[in-house]
Amino acid sequence: MSCACVRFRTSERCRHTRAYRFEIQVLFCPVLLQQDQDGFCSFGTCQTEAVDPAEEPVVFSVACPKPTAWPAILGCMGGFLILAFLRLGLAAWLPLTPDEAYYWWWSQHLQAGYLDHPPMVALWIRLGTLLCGSTPLGIRLCGVLASFLASLALWRAGQIWLRVGPGAQAAWLLNATLMFGLGMCLMTPDTPQMFFAALLLWCLAEILRRESTYSVWWWGGAGLCLGGGMESKYTFLLLAVGLGGYVLQSGQWRRVGPWLAAGIAGVSCGPTLWWNALHRWAGFLKQGRRLGHWAPAHALHYLGELLAGQIGLLTPVVGFCVVLGCWQARRKMPLLLWLVLPGAGVFLAHALYAGRVQANWPCVLYPALAMAGALPGRFFRTAVATGLFMGLIVSVQALFHCLPLNAHHDPALRLMAGWDGLARQAETEARAAGAEALVIEDYGLAAIISFYARQHPQALPVVGTDPRWGYLTGLRKVTVRQAAELSEARGALKIGGRHLIRRVLLYSQKRQGDVRDYVLASCGNTLGWQISP
């Protein structure tokens with residue numbers, strides 16, 4: 001082994017990464033500087049008394065992480081636990097939304113795929129209801145637990161990529177967004193999707209950190225995250241496209257790891273592919289029809305809706321940090337841009353040419369955006385404080401309806417209030433009119449009414465006429481001779497030749513007022529799928 005001499009010249013603390021940076025001079029030792037698995041450097045000793053003064057030293061700049069303080073670790077974990085317990089209380093207290101009731105019916109008919117989304121949300125609901133029953137808490141339990149685990153995963157990814165301080169900042173920025181902070185209290189396909197996106201960032205951080213034989217195992221983990229994400233929602237494919245572009249650009253495709261990840265992801269998506277193949281690719285065609293629309297005349301309107309929705313769900317200050325971080329990521333962390341840009345481009349193009357982009361669609365990008373938002377290191381406290389405060393205001397309004405907002409301006413009131421009372425009232429009026437069943441066309445309304453109607457003794461059967469019910473195995477197709485059809489009254493009342501039984505009101509006890517107007521009308525010889533009992 002060659003002799004070597006090591007000299008420390010300077011020691012300073014980096015302003016951005018909060019790590020200590022040492023400049024080291026090494027004289028003739030190609031194997032002297034080594035790095036262990038934790039990122040710390042170890043050095044040998046010089047066995048030679050004399051060193052040639054004419055020899056030109058090799059200068060290295062090594063960033064050694066600041067020793068992690070246990071109070072900071074315990075403080076962050078305590079903060080994430082407190083947020084998880086608050087979400088647990090919200091999940092148990094808030095009533096179900098129609099979409100959540102619809103996904104609950106999926107969990108009662110487990111299968112490899114569904115018309116609207118892949119099956120991951122149904123699996124999570126089934127697991128939660130096995131533990132806590134078919135209650136709001138049971139339906140949302142896995143999402144609340146996943147929010148805590150996703151925060152830890154993003155924290156660890158930030159520790160590796162951004163060092164200790166900014167790593168915790170990335171996790172806190174994600175929790176400060178309304179989409180993650182409150183959205184993880186509900187159970188929709190976005191819930192497992194954001195969880196797997198955070199896990200994917202952790203796996204990618206470990207891959208870039210190690211660059212050794214161990215990275216193959218992390219590539220396998222990345223493949224599982226890609227498969228789990230695409231089994232949650234089809235938009236997760238956008239992250240896969242961005243990662244594929246980075247692999248091709250960086251030359252990683254020459255290694256076995258990316259191919260292993262692609263194979264595992266493909267196998268993980270097998271159930272959804274198999275179900276779609278059996279049903280003539282119904283799920284893919286349904287999502288693909290969104291791209292077939294052409295509405296450039298409303299481009300500015302839809303683009304404004306998209307930007308306003310993201311400002312609201314990210315919260316304004318967090319969104320400002322994200323914009324600054326994405327600008328810096330082009331030099332510091334190009335992988336983040338590769339993950340974000342394909343999705344951002346697709347959503348912008350959809351808003352400009354195809355139609356409306358729902359505000360929750362870009363949430364698959366939120367963990368990566370939170371990581372980018374931690375790069376500047378500025379406005380962090382303001383962003384987290386304002387985001388958590390906005391989340392608190394929305395939560396209090398959802399629970400107690402303190403502000404006298406109508407259903408149009410209060411999403412919690414519009415989506416959660418009064419469903420149990422509406423189910424009882426509709427059933428009573430339908431039974432008094434001699435109806436054999438309650439027929440509902442809207443799938444969300446049918447799901448929430450049937451969820452609460454099954455709890456009533458001797459409840460009338462609920463029959464759904466939306467074709468998507470036909471894709472659930474186990475539902476019986478029936479023809480109802482004498483039924484009462486429940487539908488929302490929109491504008492002028494038009495019921496054709498049917499006989500109006502009466503108007504039924506969705507009523508909020510906490511607000512002591514009407515939320516929405518429904519119509520109950522008689523109909524006969526109606527064909528549909530019996531949902532309950």
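A: Let us start with burial: a residue is called buried under 20% relative accessible area, exposed over 50% and partly exposed in between, using a 1.4 Å probe and protein chains only. By that rule C269 is buried, with a relative accessible area of 11%, whereas C132 is partly exposed at 33%. This is a predicted model, in which local features need pLDDT of at least 70 and side-chain atom pairs count only at pLDDT 80 or more, while totals for chains, interfaces and linings use all residues. Residues are numbered from 1 along each chain as its sequence is written, and side-chain values use heavy atoms, with hydrogens and water left out.

Q: How many disulfides are there, and how far is the sulfur of C132 from the closest cysteine sulfur?

A: A disulfide is a covalent bond between the sulfur atoms of two cysteines; here the term is applied to a pair of cysteine sulfur atoms within 2.5 Å. The count by this rule is zero. For C132, the closest cysteine sulfur belongs to C142 and lies 8.9 Å away, which is too far for a bond.

Q: Which residues of helix α16 are buried?

A: Helices here are DSSP runs of H or I with at least four residues, strands are runs of E with at least two, and both are numbered from the N terminus. Helix α16 covers residues 366-373, and eight of its eight residues are buried, so the helix is largely enclosed by the rest of the structure. The buried residues are Y366, P367, A368, L369, A370, M371, A372 and G373.

Q: Where do helices α14 and α17 meet, and at what angle do their axes cross?

A: Axes are lines fitted to C-alpha atoms, for helices over the stretch in contact, and angles run from 0 to 180 degrees between N-to-C directions. The axes of α14 (residues 316-332) and α17 (residues 380-400) come within 7 Å and cross at roughly 145 degrees. With contact taken as heavy atoms within 4.5 Å, P316, V317, V318 and C321 of α14 meet T382, A383, T386 and M390 of α17.

Q: What is to be noted about the phi angles of R280 and T315, and is each residue buried or exposed?

A: Neither is a glycine, yet R280 has a positive phi of about 55 degrees and T315 has one of about 75 degrees. R280 lies in the loop between α11 (270-278) and α12 (282-288) and is exposed at 72% relative accessibility. T315, in the loop between α13 (299-314) and α14, is buried at 1% relative accessibility.

Q: What surrounds D190, and which side chain does its own side chain join in a polar contact?

A: A polar contact is a pair of N or O atoms within 3.5 Å; within protein, one must be able to donate a hydrogen and the other to accept it, and residues adjacent in sequence count only if both atoms are side-chain atoms. D190 is found in helix α7 (residues 190-210) and is buried, with a relative accessible area of 4%. Its side chain and that of K233 are joined by a polar contact of 2.7 Å. Leaving aside neighbours within four places in sequence, D190 is in contact with M179, K233, N360 and C363.

Q: How far apart in space are L237 and G343?

A: L237 and G343 are 106 residues apart in sequence, and their C-alpha atoms are 9.0 Å apart in space. L237 belongs to helix α9 (residues 237-250) and is partly exposed, at 45% relative accessibility.
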